[in-house]
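I opened my notebook beside the structure. These entries record what I looked up.

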Amino acid sequence: MLIYNVTINVEQSVRDAWVSWMIKTHIPDVLATGRFLEATMTRVMVDEEMGGITYSVQYKVKDRATLDLYYKNDADRLRNETLKRFGSALVAFRTELEVVTINKPLIRSATEYLFTYGTLQEKEVQKMVFSRILTGNEDHLGAHTISKELVGGLYPTIESTSKSTKGVPGIVYIISKEELLRVDDYEGDAYYRKKATLASGTEAWVYLGKTKS
């Protein structure tokens with residue numbers, strides 16, 4: 001896993017407008033490229049020798065190939081949008097960080113079954129969410145099918161169906177209650193989880209995309 005870090009020094013006169021634009025527009029636009037797993041924005045708490053206020057935005061990406069796709073297809077467009085809006089009122093420099101290890105508090109015994117059919121089966125995503133690689137078993141969720149509509153236009157979800165179907169294939173993992181909360185954070189507001197009975201008879205948590213109102 002890599003972290004694409006952007007450090008930005010912003011003039012006081014545009015700070016509020018820039019912070020609002022980053023939170024509401026720019027960071028969501030970067031994540032909408034589908035290249036990154038998550039983004040964290042922080043303020044650097046040091047005296048500013050060069051004036052202005054310094055922030056850091058860290059984007060987690062699963063591998064070098066994915067980051068290179070961002071550089072090739074998305075980076076110039078998104079940087080130009082920033083320059084058009086704020087011009088010389090900010091200075092940015094970029095660094096790449098390689099994640100060596102992620103340590104989280106020890107967890108209690110695993111008691112929750114989790115049915116996965118998408119990115120949570122990827123090793124790099126598991127390292128980020130659980131700080132470990134999971135071992136699971138293949139299973140099926142009947143009376144459901146992969147939805148044609150992607151969540152946010154990028155990510156898969158499933159939907160119930162009355163049609164004859166083999167169901168949705170996936171992998172079941174056993175995790176702790178604490179880890180299940182981490183999955184809630186990873187899936188975010190676009191998904192909700194519910195209990196479902198799998199083909200094996202296992203009662204497992206399943207994440208589904210929220211329907212549009």
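First, a definition: buried means under 20% relative accessible area, exposed over 50%, and partly exposed in between, with a 1.4 Å probe and protein chains only. I am reading a predicted model, in which local features need pLDDT of at least 70, side-chain atom pairs count only at pLDDT 80 or more, and totals for chains, interfaces and linings use all residues. Residues are numbered from 1 along each chain as its sequence is written, and side-chain values use heavy atoms, with hydrogens and water left out.

**Entry: Y4 and F36**

I looked up Y4. Its relative accessibility is 2%, so Y4 counts as buried. F36 is also at 2%, so F36 counts as buried.

Next I searched for aromatic pairs. Rings of Phe, Tyr and Trp (its six-membered ring) pair if their centres lie within 6.5 Å; planes under 30 degrees apart are stacked, over 60 edge-to-face, and the rest tilted. The whole structure holds nine such pairs. Y4 and F36 have ring centres 6.1 Å apart and planes at 15 degrees, so this pair is stacked. Y4 is in strand β1 (residues 2-10) and F36 is in the loop between α1 (15-31) and β2, so the pair ties together parts 32 residues apart in sequence. Helices (H or I, at least four residues) and strands (E, at least two) are DSSP runs, numbered from the N terminus.

I then checked W18 and Y55. Their pair is tilted, with 5.2 Å centre to centre and 50 degrees between the planes. W18 is in helix α1 and Y55 in strand β3, 37 residues apart. Both W18 and Y55 are buried.

Ring pairs also link Y4, F36, Y59, Y70 and Y71 into a cluster.

**Entry: helix α3**

Which residues of α3 (residues 123-130) are buried? I found V125, Q126, M128, V129 and F130. Down the axis of α3, the buried residues fall within an arc of 165 degrees, so they line one face of the helix. The arc is that of the directions from the helix axis to the C-beta atoms. Just after α3, S131 takes a positive phi of about 65 degrees.

**Entry: strand β11**

In β11 (residues 203-209), six of the seven residues are buried. Two strands pair if DSSP finds at least two bridges between them. Seven bridges join β10 (residues 191-197) to β11, and these strands run antiparallel. Y191 has G209 as its bridge partner in β11. Two bridges join β5 to β11, which run parallel. There, F115 is partnered by V206.
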